[in-house]
Amino acid sequence: MQGVITQISQLTHDVKSFHIHVPERPAFLPGQYLILGLEAQGAFHERSYSIASPNHWENVEILVKLHPGGKLTPELFDKQVGHPVDVQMPYGMFKLYDDNIPANMVFIAGGVGLAPLLSMIRHLEWKGHQGGKTLIYGNRTPYDIVHKDELNRLAKSGQLKLVYTVDNAEDSWEGEQGLITPEMIDQHCDVEESHFYICGPPMMVDGMVENLGSLHVPHDRINHERW
């Protein structure tokens, strides 16, 4: 399918948001991903990106982290609104079904691993979900937090319990600091009742699955995606 970039936002020093219009695009479920194709460095390259937008939005949003030595992201970062891209979608088994939404959910994200979880959170807001929703969001520094204003708005309105944790911060930082530990999860979440949705780098995801195992969370309440 042919898509066109309709909006570009610089979210952090190395992350951009791209909104893409795909005429007659198929429906997707929160958590799924697309494959984006682009001519770069004299060849056609494809990369998978989780969809950050909910299905009811007109355009799809992806979050792209710049890899300076990569074949696709430096080229994509140079593109302007109106540039065409190839889009194939939807893919993935990491998804949220409307007919099976848990009452209590905990989302654990690392970096741009926020994308599929944000799709779920936005969808739940649109549906008027009244259950418990907690996001534990880890980054290197406070300046790496993506879509911070939107997340803070959801937290302020009471729709989302929000826990930031960073590796490095100034003395004025008021959030958590360091890796997401079993103790941190247990402190901020209803471990016994919640379903967990995790997305981030492979080592981070594996660590979270291990953490939840140490808290005796059953495997059928743990859902995860590696990027």
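The model is predicted, and every value I quote is computed from it.

I'll start with the overall division. The protein splits into domain 1, residues 2–91, and domain 2, residues 105–226. Their C-alpha centres are 23 Å apart. At the boundary, 19 residues of domain 1 are in contact with 15 residues of domain 2.

Six strands make up an open sheet, and its order is 10-9-8-7-11-12, with parallel pairing. Which strands stand at the edges? Strand 10, residues 176–177, and strand 12 do; each has a single partner strand, so one side of each lacks a neighbour in the sheet.

Strand 9 and strand 10 run parallel and are joined by two bridges. Within strand 10, Gln177 is the residue that stands opposite Val166.

Now helix 3, which covers residues 148–156. Which of its residues are buried? Glu150, Leu151 and Leu154 are. Viewed down the helix axis, the buried residues fall within an arc of 100°, so they line one face of helix 3.

What covers the buried residues of helix 3? The cover includes helix 2, residues 114–127, together with strand 8, 132–139, and strand 9, 161–166. After helix 3 comes Gly158, which has a positive phi, near 85°.

Leu151 leads on to the largest nonpolar core. This core has 29 residues, and Leu151 is among those that touch the most other members, along with Phe107, Leu114, Leu117, Leu135, Tyr137 and Tyr197. At least two residues each come from strand 7 (104–110), helix 2, strand 8, helix 3, strand 9 and strand 11 (195–200). Helix 2 is the biggest contributor, with seven residues. The core also spans the division I began with: domain 1 and domain 2 each give at least three residues to it.

Neighbours within four places in sequence aside, the contacts of Tyr197 are Phe94, Leu96, Pro102, Met105, Val106, Phe107, Ile108, Leu117, Met120 and Asn223. Two of these, Phe107 and Leu117, were also in the list of core residues that touch the most other members.

There is a second, separate core of 19 residues, and Ile5, Ile20, Ile62 and Val85 are among its members.

Is Thr12 buried or exposed? Thr12 has a relative accessibility of 7%, and the cut-off for buried is under 20%, so Thr12 counts as buried. Apart from residues up to four places away in sequence, Thr12 touches Tyr143, Asp144, Ile145 and Val146.

How values were computed. Residues numbered from 1 in each chain as written. Predicted model: local features only at pLDDT ≥ 70, side-chain atom pairs only at ≥ 80, totals over all residues. Heavy atoms only, no water. Buried < 20%, exposed > 50% of the residue type's maximum accessible area, 1.4 Å probe, protein only. Helix = DSSP H or I, 4+ residues; strand = E, 2+ residues; numbered from the N terminus. Arc of directions from axis to C-beta. Contact = heavy atoms within 4.5 Å. Core = buried A, V, L, I, M, F, W, Y, C linked by side-chain atoms within 4.5 Å. Domains from an automatic or database assignment. Pairing = 2+ DSSP bridges.
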